[in-house]
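Hi,

Here is the structure I said I'd pass along. Have a look at it first, then read on for what turned up.

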Amino acid sequence: MRGRTAVRRALVSAAGVVALGAPAAPVAAAPTPTQASNAFVEVTPNTAQAGSRVNIRASCDQANNNQAIVESQAFNRVVVRPNNGFLTGQVTIPGNRAPGTFDVNLTCPNGNTAHTTLTVVNMSKPTQGPATGGGGTAGGFGGPMVLAGGLAVVVIGGGLWLMSARRRPETRL
């Protein structure tokens with residue numbers, strides 16, 4: 001019995017040390033808070049056809065009353081200006097821009113920066129419709145002929161039915 005009591009006391013003591021020491025460890029290891037920048041930049045749409053226009057919305061944290069610069073290899077450089085609490089601008093991606101994913105970087109006058117990406121696609125546009133055949137159902141001589149043939153079959157079938165319905169079997173005595 002004495003061995004069990006000693007083991008029980010050791011377990012209770014260990015649990016107490018763990019319970020008391022556990023909250024102290026995270027508090028001691030917690031990093032000191034740092035001032036984080038709330039700067040951001042958004043490109044809408046973030047996937048765009050070469051030659052199309054994109055909208056840029058950005059924020060330089062507490063400095064949104066001054067213009068800032070947004071740069072990318074997708075469209076070179078654009079100035080974003082204050083607009084309803086944000087910095088906004090528009091830019092057209094050159095039509096000959098090669099497809100790919102490009103970095104978009106915001107540089108604020110207060111030293112803040114932000115980063116996003118823009119994907120440029122360059123899908124060729126067809127100059128004519130696809131080759132789909134002779135166009136037999138698209139009009140011309142084929143459509144009226146099919147309609148006339150179908151109507152003739154219906155009229156002939158109706159006439160034969162009427163003739164067979166009038167015919168009565170003869171009775172012989």
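**A buried arginine**

Before the rest, two caveats. This is a predicted model, where local features need pLDDT of at least 70 and side-chain atom pairs count only at pLDDT 80 or more, while totals for chains, interfaces and linings use all residues. Residues are numbered from 1 along each chain as its sequence is written, and side-chain values use heavy atoms, with hydrogens and water left out.

Back to R97: it sits in the loop between β6 (86–92) and β7 (100–107), with strands being DSSP E runs of at least two residues and helices H or I runs of at least four, numbered from the N terminus. Its side chain reaches the backbone oxygen of Q73 at 3.3 Å. Leaving out residues up to four places away in sequence, R97 touches A50, Q73, A74, N76, F102, V120 and N122 (contact: heavy atoms within 4.5 Å).

As for the whole protein, there are two helices and eight strands, running α-β-β-β-β-β-β-β-β-α from the N terminus. Of its 173 residues, 20% count as buried.

Cheers

Terms used
A polar contact is a pair of N or O atoms within 3.5 Å; within protein, one must be able to donate a hydrogen and the other to accept it, and residues adjacent in sequence count only if both atoms are side-chain atoms. Buried means under 20% relative accessible area, exposed over 50%, partly exposed in between (1.4 Å probe, protein chains only).
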